[in-house]
Number of protein chains: 2
Amino acid sequence: MKNNRKVVLFIAASLDGYIATKEDSLEWLYNIEGEGDNGLSKFYGTADTIIMGKRTYDWLLDQELESFPYKGKECYVYTRSDIPDNEDVRFARDNVAELIAELQEKPGDKIWVMGGSELIQQYLEEDLIDEITVTVAPVIIGEGIPLFREGKYHLDLELTGTETYNQFVELNYKVKRS
Amino acid sequence: MKNNRKVVLFIAASLDGYIATKEDSLEWLYNIEGEGDNGLSKFYGTADTIIMGKRTYDWLLDQELESFPYKGKECYVYTRSDIPDNEDVRFARDNVAELIAELQEKPGDKIWVMGGSELIQQYLEEDLIDEITVTVAPVIIGEGIPLFREGKYHLDLELTGTETYNQFVELNYKVKRS
């Protein structure tokens with residue numbers, strides 16, 4: 001029984017659809033000037049659960065932040081390895097659909113599918129995404145890690161709105177279900 | 001000497017960045033309901049010259065339209081073959097930069113780089129594009145012909161505006177030159 005907890009893909013990408021360079025760098029994204037966080041904090045408050053891939057998690061740890069940036073949220077990290085949970089995240093090895101089903105058994109807010117590329121592809125292929133927000137950065141980087149990997153999926157979308165933050169355009173969609 | 005004729009990439013793409021299916025179909029695009037032409041006619045009047053690749057041209061002919069759809073515009077088709085010009089188009093085999101230089105010698109309106117994928121890549125790699133408009137369709141198709149092929153280019157853009165037409169979002173950029 002779904003508790004109407006929406007599974008949301010919320011992510012920034014270059015105009016040519018990359019979420020990072022091949023070396024996992026986001027410098028091209030952070031270098032774009034402007035005040036505020038281009039819509040992130042507005043979305044952040046609507047989600048209480050975050051799902052990410054192991055490579056994204058490792059990238060976060062590599063940033064040498066003072067503390068884990070998503071404290072207070074229920075964080076799941078997908079991995080094929082057997083890693084013990086820690087105070088910040090739980091490691092998940094189940095089928096992605098099973099975790100979503102489990103999360104939707106209990107009441108809560110939105111479930112943020114953060115990335116990266118491989119996890120997003122799995123979620124799309126299993127048709128688990130309810131809402132998609134892509135924040136388009138004003139840059140073309142030529143190559144990198146794609147937001148949407150090639151895959152056997154087709155999703156019809158409903159545009160629910162757009163926002164412009166500095167030079168960024170946020171495109172908001174609901175996934176149409178027939 | 002440039003006559004300030006802007007070279008514009010104006011094109012529609014799925015949210016995952018495809019301009020057609022692998023079989024050159026645009027059905028996924030035409031199937032999206034809504035009135036009007038989602039900004040095309042507004043742009044169309046600003047360009048007097050169109051450049052397209054041979055595959056795009058062949059695709060147009062395959063549509064069995066009553067007449068060539070771009071009559072009245074100066075149309076160039078890029079090909080590696082030696083094909084005689086006809087009343088609608090001239091075939092170009094020069095380096096892409098040379099044609100642009102030649103067109104910019106004479107006064108005129110915007111030069112529309114229509115596609116497809118291979119031609120766009122060449123124009124981007126040679127840094128010939130001045131303005132980019134991508135009209136994002138509310139659909140993810142999973143695979144197809146990419147708007148932006150992987151390539152050795154990096155373009156910083158300036159967002160000049162957005163428009164929403166039905167379910168389509170038009171993103172307008174100027175290419176920043178340092």
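Predicted model: local features only at pLDDT ≥ 70, side-chain atom pairs only at ≥ 80, totals over all residues.
Me: What is the phi of B:E64?
Reply: Most residues other than glycine have a negative phi, and most peptide bonds are trans. B:E64 has a positive phi of about 50° although it is not a glycine. B:E64 is also exposed, because its relative accessible area is 72%; buried means under 20%, exposed over 50%, and partly exposed in between (1.4 Å probe, protein chains only).

Me: Is the peptide bond from A:G115 to A:G116 cis or trans?
Reply: That bond is cis, and its omega is near 0°. You will find A:G116 in the loop between β6 (110–115) and α5 of chain A. In chain B, the bond from B:G115 to B:G116 is cis too, with omega near 0°.

Me: How many salt bridges are there over all chains?
Reply: The whole structure has 30. To count, a side-chain nitrogen of Lys or Arg must be within 4 Å of a carboxyl oxygen of Asp or Glu. One of them joins the side chains of A:R5 and A:D48 at 2.9 Å, N to O. A:R5 is in the segment before β1 (7–14) and A:D48 is in strand β3 (residues 47–53), so the pair ties together parts of chain A that are 43 residues apart in sequence. A:R5 is buried at 3% relative accessibility, whereas A:D48 is partly exposed at 23%.

Me: Which parts does the salt bridge between A:D130 and A:R177 link?
Reply: In this pair the closest N and O atoms are 2.9 Å apart. A:D130 lies in the loop between α5 (117–125) and β7 (131–137) of chain A, and A:R177 in the segment after β11 (168–175), 47 residues apart. A:D130 is buried, with a relative accessible area of 7%, and A:R177 is partly exposed at 40%. Elsewhere, a network of salt bridges takes in residues of both chains: A:K22, A:E143, B:E150 and B:K152.

Me: Which residues of α5(A) are buried?
Reply: They are A:S117, A:L119, A:I120, A:Q121, A:Y123 and A:L124. Over chain A, buried residues make up 52% of the 178 residues.

Me: Finally, how can I describe chain A as a whole?
Reply: Its secondary structure comes to 5 helices and 11 strands, and its C-alpha atoms fill a box of roughly 45 × 40 × 30 Å along the principal axes. The radius of gyration is taken over C-alpha atoms, and the globule rule is 2.2 Å times the number of residues to the power 0.38. With 178 residues, a compact globule would come near 16 Å, and chain A agrees at 16 Å.

Notes
Residues numbered from 1 in each chain as written. Chains lettered and ligands numbered in written order. Heavy atoms only, no water. Helix = DSSP H or I, 4+ residues; strand = E, 2+ residues; numbered from the N terminus.
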